[in-house]
Amino acid sequence: MSVFGAMDMSATGMTAQQVRSDIIAQNLANVNTTRDAKGHAYKRKTVVFEEKSYPTFSETLSWATGYTGKGVKVSEIVEDPSDGKMVYDPSHPDADEDGYVTYPNVNTVTEMTNMIDATRAYEANVTVLNSTKGMAMKALELGSGA
């Protein structure tokens, strides 16, 4: 694998983790949103990753020769299908006819754990990128005869 391939893989990992962090922040921001634009309680969202692929021949050849790393990409952002929690509060404006309010299916502890995980994964990709950059710089120093 080339130096640029390693940097490309680290960059795709950082981009993917940034999207994941943004979705987690959106979930946390809507933890008490009982009505969205459609009139329903907010649904928790999650990010699905997949391997970045190169469908064309030239891109596949470039990857096979070591000039491009595959990396990761966000394939989709999906809603969690689980039900929200029902809380009895007949005075709430979004209460149903029985007095229950449906709150989002967002668990703050789970989201904060996922945020720590995304942050650590991002930091790991930064470390790989910096190490790769350091090796490239050292190779340039050695090549210049300094």
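Student: Which residues does S10 touch, leaving out those up to four places away in sequence?
Tutor: With those neighbours left out, S10 touches N125, V128 and L129, where a contact means heavy atoms within 4.5 Å. S10 itself sits in helix α1, which covers residues 3-29.
Student: Is S10 buried or exposed?
Tutor: S10 is buried, at a relative accessible area of 2%; buried means under 20%, exposed over 50% and partly exposed in between, with a 1.4 Å probe and protein chains only.
Student: What sort of model are we looking at?
Tutor: It is a predicted model, in which local features need pLDDT of at least 70 and side-chain atom pairs count only at pLDDT 80 or more, while totals for chains, interfaces and linings use all residues. Residues are numbered from 1 along each chain as its sequence is written, and side-chain values use heavy atoms, with hydrogens and water left out.
Student: And what is the average pLDDT of the chain?
Tutor: The average is 87, and 89% of the residues score at least 70; pLDDT is the predictor's confidence in each residue, from 0 to 100.
Student: In what order do the elements run?
Tutor: From the N terminus the order is α-β-α-β-β-β-α, which comes to three helices and four strands. These are DSSP runs numbered from the N terminus, helices being H or I with at least four residues and strands being E with at least two.
Student: Switching to charges, how many salt bridges does the structure hold?
Tutor: The structure holds six, a salt bridge being a side-chain nitrogen of Lys or Arg within 4 Å of a carboxyl oxygen of Asp or Glu. One of them joins R20 and D117, at 2.9 Å from N to O. That pair links distant parts of the chain, with R20 in helix α1 and D117 in helix α3 (residues 108-144), 97 residues apart.
Student: How accessible are R20 and D117?
Tutor: R20 is buried at 16% relative accessible area, whereas D117 is partly exposed at 41%.
Student: What about R44, which residue does it form a salt bridge with?
Tutor: R44 forms a salt bridge with E111, with the closest N and O atoms 2.4 Å apart. R44 lies in the loop between α1 and β1 (45-51) and E111 in helix α3, 67 residues apart. R44 counts as buried at 13% relative accessibility, and E111 is buried as well, at 0%. R44 and E111 are also linked with D80 in a network of salt bridges.
Student: Now the rings: how many aromatic pairs are there?
Tutor: The count is one aromatic pair, under a rule that pairs rings of Phe, Tyr and Trp (its six-membered ring) if their centres lie within 6.5 Å, with planes under 30 degrees apart counted as stacked, over 60 as edge-to-face and the rest as tilted. Y88 and Y100 form that pair, edge-to-face, at 5.3 Å centre to centre and 65° between the planes. Y88 belongs to strand β3 (residues 85-88) and Y100 to strand β4 (residues 100-103), twelve residues apart.
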